[in-house]
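Dear colleague,

Here is the structure I said I would pass on. Please look it over; my notes follow below it.

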Amino acid sequence: MSTQLEAARAGAITDEIKFVAEVEQLDAELVCEDVAAGRLVIPANKLHLATNLKPCGIGRALRTKVNANIGTSSVRSCVEAEIEKMQAALSAGADAIMDLSTGGDLDTTREKLLALCPVPFGTVPIYQVIEGRDVEDIDNNIIVEIIERQAKQGVDFFTIHAGVLKEYLGLLEGRVAGIVSRGGALLAKWMVYHNKQNPLYEMFDDLCDIMREYDVCFSLGDGLRPGCIADATDKAQIAELNTLGELTQRAQERGCQVMVEGPGHVPFDQIQHNMEIQERICGGAPFYVLGPVVTDIAPGYDHITSAIGGTAAAFYGASFLCYVTPREHLGLPDAADVRAGVIASKIAAHAGDVARGLKGAAERDKRLSVARANLDWKTHLAESLDPQTAERMHDEVCREMKNLGPSTDYCSMCGKAWCSVRTNREIREATRLRRSNVQAPRRI
Ligand code: SF4
């Protein structure tokens, strides 16, 4: 029994490596090499693989992936609502799901979601460690018990905030937003109360043993990520990143797959630097970023602020984007928010892939553009990233303007006489006729 990393290091092309290579239309040897080098992860708990998981790779050689966070809170907890959100995320094209539940029966919620989840499924186990008890009361035994319990349920990747060290808390003094990560803030409270080091850091090697046994992938959490652009790329964030680099190496040496989480709120001009330092410090381990959100002033539209940052992140070095919904900072998202967040993040991921010249990425754009130029509405809508919305909008227009239909060669945006696509077709036809020495119509 070995992890994907250990198998790849031994030169073994696992079924999961083969599957990822096929989906991404890459050579399996190349995928295997990247897994062995720690540049690519396949978060696939052996127990989830044995049931309904379709493996998914995360790394720069591959298409940029998108994660959707769902989960209950202490204010609102309903398993059916979370299943509805997960299905909304999957139908919109989410590549992974994270269950961040903190309310209700966490084990049952996770079990029901996992049973219906065909993509990598992640959690933040420290939430369950803390849930139902004062944070001051947690100890190593509770941490190990919860992490093992979740690994046995089949969770594919764990956010572990092991890089939030006691000595970094003093670096937070000048911050505007302090610690915005829930796990980071509660662990900091524990460290201040006990005047001891972060237990996740102290017991990291033991955690590696559990992760290795089930091949749960580390997602090394950025508990000190900036929560506003004024705090971006500050000393606390970079200090934690250095520790994440050290932990990446330690976990990989123990056979565990690792990705690293990143900011957060970052102004656009700092994104490239953030991607480059993570790659250098963490040896090319896949970077999983939350957004990044490029301005703080758009509550209600943070799926857009994060898609702007996500595009730059995907271009400069991230492999995995965590979506942000329009309701970020305002409340728990519903299924419609989840859908909007996934679509925004998919746009960012794809735009980044096109810009970095990922093989095949722009082919879908070309197919859609050819259909658009040919006024082939059926293909145009089918090739779109969100056919459901595109079709609904076009149908609404067709209904509103009774003379329009799916085969009409213009739409209500410009109208027949002003439709430049239609005019272009007429020009092309007239040019073709003239080339063939056929009299083109005097008026085209
Ligand atoms: S009417 Fe305008 S928007 Fe509609 S197809 Fe023609 S050019 Fe495009």
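The side chains of Asp 107 and Arg 149 are joined by a polar contact of 2.7 Å in this predicted model. Asp 107 belongs to helix H6, and its side chain also makes a polar contact, of 2.9 Å, with the side chain of Arg 110. Leaving aside residues up to four places away in sequence, Asp 107 touches Gln 128, Arg 149 and Gln 153. Gln 153 is 46 residues from Asp 107 in sequence, yet their C-alpha atoms are 8.7 Å apart in space.

Helix H6 itself covers residues 106-115, and its buried residues are Leu 106, Thr 109, Arg 110, Leu 113 and Leu 114. These buried residues line one face of the helix, because they fall within an arc of 125° when seen down the axis of H6. In general, an α-helix has 3.6 residues a turn, so residues three or four places apart point the same way. Glu 111 and Ala 115, on the other side of H6, are exposed. At the start of H6, the backbone nitrogen of Asp 107 has a side-chain oxygen of Asp 105 within 3.2 Å.

Ser 219 counts as buried because its relative accessible area is 0%, where the cut-off for buried is under 20%. Its side chain has a polar contact of 2.6 Å with the side chain of Glu 261. Besides Glu 261, Ser 219 touches Phe 157, Phe 158, Thr 159, Ile 160, Met 259 and Tyr 288, again not counting residues up to four places away in sequence.

Next, helix H19. This helix runs over residues 420-435, and its 16 residues should span 22 Å at 1.5 Å a residue; the end C-alpha atoms are 22 Å apart, so the two values agree. Arg 422, Ala 430 and Leu 433 are buried in H19. These three sit on the same side of H19, because they cover an arc of only 75° around the axis. Just after H19, Asn 437 has a positive phi of about 60°.

Last, the ligand. Which residues surround the ligand? They are Leu 375, Cys 411, Met 413, Cys 414, Cys 419, Ser 420 and Val 421. By class, this shell holds six nonpolar residues, one polar residue and no charged residues.

Regards

Terms used
Residues numbered from 1 in each chain as written. Predicted model: local features only at pLDDT ≥ 70, side-chain atom pairs only at ≥ 80, totals over all residues. Heavy atoms only, no water. Near = heavy atom within 4 Å. Nonpolar A, V, L, I, M, F, W, Y, C, P; charged D, E, K, R; others polar. Helix = DSSP H or I, 4+ residues; strand = E, 2+ residues; numbered from the N terminus. Expected span 1.5 Å × (residues − 1). Buried < 20%, exposed > 50% of the residue type's maximum accessible area, 1.4 Å probe, protein only. Arc of directions from axis to C-beta. Polar contact = N/O pair within 3.5 Å; in protein donor to acceptor, adjacent residues only side chain to side chain. Contact = heavy atoms within 4.5 Å.
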